[in-house]
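Open the model in your viewer and keep the sequence panel beside it.

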Amino acid sequence: MPMKAPQPQQRRLQANGLDFAILEMGEGPLLLCLHGFPDTAWSFVPVMRHFAAAGYRVVAPFMRGYLPTAVPADGDYRVTALADDVIALIDVLGGGPAAAVIGHDWGSIAAQCAAIRKPDCMRRLVACAVPHPGHFVRRPSLRQLVRSYYIGFFQLPWLPERTIVANDFRWLEQLIRRWSPGWDFTAADLAPLKASLGQPAHLAAALGYYRQLPHSIADRVLWHSPVAVPTLAISGGRDGCIGPEMFERQQGRYRAGYQLHCMTDAGHFMQCEQPAAFAESVLAFVKD
């Protein structure tokens, strides 16, 4: 009988005035994994196993507003709040200067902005699927503007909420397929996401990240400052959300060193599609 794959422990903690749920496994230096949209911390479990086996304490929090993390009472989903969450989580978890952070999608934005606000809170940064926020805002390609139509759609009242949950999240499943055409996801893969977004308050929270983008972009100092932490950017060659061309000519925004790795056969959710290859690239960088 094959051995059952190790499972992370689940627990709760307080950080930045919010009640977070986290997944945790392994021992060693802290490796913090931050998910984006549409996603939850569970998508990191396959790569968490690789990281834990390599000697890291791996923690994947459910981002603010995503079930079972609490919905913030003040409804703040600005990038500054996300960045402060990252800084506070590292502090509460005792990561110290040895911590490394992996951010995917919105997690990438949160991690990069945390590195801008407090560069000494982490030793290495891995930014996946989203380039430097200022680069994304100021230099979108025509193809990227087309891909990003959903951001405008999410600004509408009530219609996105109804569309997302209709027909057992059919629209959302189609979105994920466009973003990661090579990911043969299962019903079990999406079950935690549907459980979260199936709750109106948590769905409103996930959309709040997008609806507060105008306020976030107004913080020019945060979005346009360089990252002063050694950074590995990982893009997906088949990403239908943010194309690999969006990672070109942005190295000047990283003053402490920058590497770019394109997973040519992967889409947006590269950590789910190719967990072993993704983990190998990350480990080679964070062990440096």
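The structure holds 13 salt bridges, a salt bridge being a side-chain nitrogen of Lys or Arg within 4 Å of a carboxyl oxygen of Asp or Glu. This is a predicted model, in which local features need pLDDT of at least 70 and side-chain atom pairs count only at pLDDT 80 or more, while totals for chains, interfaces and linings use all residues. Residues are numbered from 1 along each chain as its sequence is written, and side-chain values use heavy atoms, with hydrogens and water left out.

**Charged pairs**

Select Arg12 and Asp19. They form a salt bridge whose closest N and O atoms are 2.9 Å apart. Arg12 is partly exposed at 42% relative accessible area; here buried means under 20% relative accessible area, exposed over 50%, and partly exposed in between, with a 1.4 Å probe and protein chains only. Asp19, at 23%, also counts as partly exposed.

Next select Asp84 and Arg117. Their salt bridge has its closest N and O atoms 2.9 Å apart. Asp84 belongs to helix 2 and Arg117 to helix 3, and the pair links distant parts of the chain, 33 residues apart. Helices (H or I, at least four residues) and strands (E, at least two) are DSSP runs numbered from the N terminus. Asp84 is partly exposed, with 25% relative accessibility, and Arg117 is partly exposed with 40%.

Move to Arg147 and Glu245, a salt bridge with the closest N and O atoms 2.8 Å apart. Because Arg147 lies in helix 5 and Glu245 in the loop between strand 7 (231-236) and strand 8 (258-263), the pair ties together parts that are 98 residues apart in sequence. Are these two residues buried or exposed? Arg147 counts as buried at 16% relative accessibility, and Glu245 is buried at 13%.

**Helix 2**

Return to the helix that carries Asp84 and select residues 79-92. At 1.5 Å a residue, its 14 residues should span 20 Å, and the end C-alpha atoms are 20 Å apart, which agrees; the expected span is 1.5 Å times one less than the number of residues. Helix 2 is mostly covered, with 11 of its 14 residues buried. Among them are Val79, Leu82, Asp85, Val86 and Leu89. Just after helix 2, look at Gly94, which takes a positive phi of about 70°.

**The cavity**

On a 1 Å grid over the protein atoms alone, a cavity is a set of points where a 1.4 Å probe fits but cannot get out; a pocket is an open set with protein on both sides within 12 Å along at least five of seven lines, and lining residues have an atom within 4 Å of a point. Grid points are joined across faces, edges and corners, and a volume is the space filled by probe spheres set on the points.

The structure holds 1 cavity of 30 Å³ or more, and the largest cavity has a volume of about 30 Å³. Its lining has 5 nonpolar, no polar and 2 charged residues, where Ala, Val, Leu, Ile, Met, Phe, Trp, Tyr, Cys and Pro count as nonpolar, Asp, Glu, Lys and Arg as charged, and the others, Gly among them, as polar.

Select Phe136, Val137, Ser148, Ile151 and Leu213. Of the 18 residues lining the largest pocket, these lie nearest its centre. The pocket holds about 350 Å³ of space. Helix 4 gives the most to the lining, with 3 residues, and by class the lining has 15 nonpolar, 2 polar and 1 charged residues.

The second largest pocket has about 290 Å³ of space. Select Trp42, Ser43, Trp183, Asp189 and Cys272, the closest to its centre of the 16 lining residues. Helix 8 provides the largest share of the lining, 5 residues.

**Last stop**

Which residues does Gln271 contact beyond its neighbours within four places in sequence? They are Asp39, Ser43, Phe44, Val47, His104 and Phe278, contact meaning heavy atoms within 4.5 Å. Gln271 lies in helix 12 (residues 270-273) and counts as buried, at 0% relative accessibility.
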